[in-house]
Amino acid sequence: TIEYSNAPLQIDRQNNQYIVTVSGQLTTAAERNAAKITQEVTKSVEGILPTGVSIATSDMMESMNEEFSALGGAILTAILLVFMVMAMQFESAIIVMICVPFSLIGSFGLMLLSGVTMSMPSLMGFLMLVGTVVNNGILFIDTANSYRGSMDAETALIYAGRSRLRPILM
């Protein structure tokens, strides 16, 4: 439902523009997010506006979009920094970093299956997931390297996988 605010018509004297504020209250927001609803309302309103009239989003929506892009940049920066540290510390940085795309594929797949939309908490979860996956990868390689002293590489990987499976799944 869309309700027109009771605020009087505002005039922007600096730009010689009239400003009308249209606000709405979501009635069934449980299954849809605010960004998608805003896009749908904007598309439907654009078709009926006369020429010369433009639509601007609220400051809150612009701030939300900036925060999403900043958090996406933080995730990419975290992956890059982790890779650089891993390359300096271990000779097997590629093996550990291969885990990150697989975990993200699984996360996106589960979000798609459960119908969860991309939101700030899910992006924070992705950021934490990258750290957890890299940590588990490091511990897996360290466990395999400790087993290699007493057995061949293939058997060491099998035993390391067996002993690290429960913490990795958790």
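From the N terminus on, the chain's elements go β-β-β-β-α-α-α-α-α-α. These are DSSP runs numbered from the N terminus: helices are H or I with at least four residues, strands are E with at least two. The model is predicted, so local features need pLDDT of at least 70 and side-chain atom pairs 80 or more, while totals for chains, interfaces and linings use all residues. Residues count from 1 along each chain as its sequence is written, and side-chain values use heavy atoms, leaving out hydrogens and water.

**Exercise 1.** Work out which helices line the second largest pocket, and what kinds of residues they bring.

*Solution.* 
- Step 1: find the helices. α3 (93-97), α4 (99-114), α5 (120-147) and α6 (153-169) each supply at least two lining residues, and α5 gives the most, with six.
- Step 2: sort the lining. Eight residues are nonpolar, four are polar and none is charged; Gly counts as polar here.

**Exercise 2.** Decide whether S122 is buried or exposed, and find what S122 touches.

*Solution.* 
- Step 1: check the relative accessible area, which is 13%. Buried means under 20% and exposed over 50% (1.4 Å probe, protein chains only), so S122 is buried.
- Step 2: look for contacts, meaning heavy atoms within 4.5 Å. Not counting residues up to four places away in sequence, S122 touches M111 and T117.
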